[in-house]
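Dear colleague,

Please find below the structure I promised to hand over. My notes on it follow the display.

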Amino acid sequence: VEDLLAAIRRCEKCATDAAALPSAPMDLQFRSIAPDDDPAVASLIRTVMPEFGAVGPGFAIEDPEVDHMSRAYDVPRAAYFVVVDPATSRIVGGGGL
């Protein structure tokens, strides 16, 4: 429980720090994940989660599905969307339900 609370505190600090940054308008595109997106999404997950202390057993970063998110979300009542910077065609985010 203490580890979880510490991770939440780190996330709160990151959100506070991010809110202090100047924002620049950015056009973003949202679309459903495709199998070709899997390597970029896995890389993004494995890069960002440790920044928030989300590493180790129990965190999604350890799940084998991270390498195949399009397949993991290709089930009824599930969806995963990627966020794409249209200027570079680079995946800059994602999320699923």
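The notes below go from the overall architecture to the sheet, the salt bridges, the surface and some individual residues.

This is a predicted model, in which local features need pLDDT of at least 70 and side-chain atom pairs count only at pLDDT 80 or more, while totals for chains, interfaces and linings use all residues. Residues are numbered from 1 along each chain as its sequence is written, and side-chain values use heavy atoms, with hydrogens and water left out.

Overall architecture

The protein holds 3 helices and 3 strands, and from the N terminus on its elements follow the order α-β-α-α-β-β. Helices (H or I, at least four residues) and strands (E, at least two) are DSSP runs, numbered from the N terminus. Of the 97 residues, 23% count as buried; buried means under 20% relative accessible area, exposed over 50%, and partly exposed in between (1.4 Å probe, protein chains only). The accessible surface comes to about 7,000 Å², and 60% of that belongs to carbon and sulfur atoms. These areas come from the Shrake-Rupley method with a 1.4 Å probe, and for residues only the protein chains shown count as cover. Among contacts with a separation of 6 or more, 55% are between residues 24 or more positions apart; contact means heavy atoms within 4.5 Å.

The sheet

The 3 strands form an open sheet in the order β1-β2-β3, with antiparallel pairing. Its edge strands are β1 (29-32) and β3, each of which pairs on one side only. From one strand to the next, the twist averages 30 degrees. Two strands are taken to pair if DSSP finds at least two bridges between them.

Strand β2 (residues 80-85) is joined to β1 by 4 bridges. Along this pairing, Phe30 stands opposite Val83, and Ser32 stands opposite Phe81. Strand β2 is mostly covered, as 5 of its 6 residues are buried.

Helix α2 (residues 38-51) lies across β2 and β3 and runs at about 80 degrees to β3. For such angles, axes are lines fitted to C-alpha atoms, for helices over the stretch in contact, and the angles run from 0 to 180 degrees between N-to-C directions.

Salt bridges

How many salt bridges does a search of the whole structure find? There are 2, where a salt bridge is a side-chain nitrogen of Lys or Arg within 4 Å of a carboxyl oxygen of Asp or Glu.

One joins Asp37 and Arg31, with the closest N and O atoms 2.6 Å apart. Asp37 is buried at 7% relative accessibility, whereas Arg31 is partly exposed at 35%.

In the other, Arg46 pairs with Asp67, and the closest N and O atoms are 2.7 Å apart. Arg46 lies in helix α2 and Asp67 in the loop between α2 and α3 (69-72), so this pair ties together parts that are 21 residues apart in sequence. Arg46 is partly exposed at 35% relative accessibility, and Asp67 is partly exposed at 36%.

Surface patch

Leu28, Phe30 and Val92 form a nonpolar patch on the surface, with about 260 Å² of accessible area together. Patches are made of residues with over 30% relative accessible area and no salt bridge; like charges are joined within 9 Å, and nonpolar side chains (Val, Leu, Ile, Met, Phe, Trp, Tyr) within 5 Å. Val92 belongs to strand β3 (residues 90-96) and is partly exposed, with a relative accessible area of 31%.

Individual residues

Met49 is placed in helix α2. Not counting residues up to four places away in sequence, Met49 touches Ala54, Phe59, Ala60 and Ile61. Met49 and Ala60 are 11 residues apart in sequence, and their C-alpha atoms are 8.7 Å apart in space.

Two backbone angles may also interest you. Arg77, in the loop between α3 and β2, has a positive phi of about 65 degrees although it is not a glycine. Arg77 is exposed, with a relative accessible area of 87%. Ser89 likewise is not a glycine, yet has a positive phi of about 60 degrees. Ser89 sits in the turn of the hairpin formed by β2 and β3, which has 4 residues between the strands, and counts as exposed at 60% relative accessibility.

With kind regards
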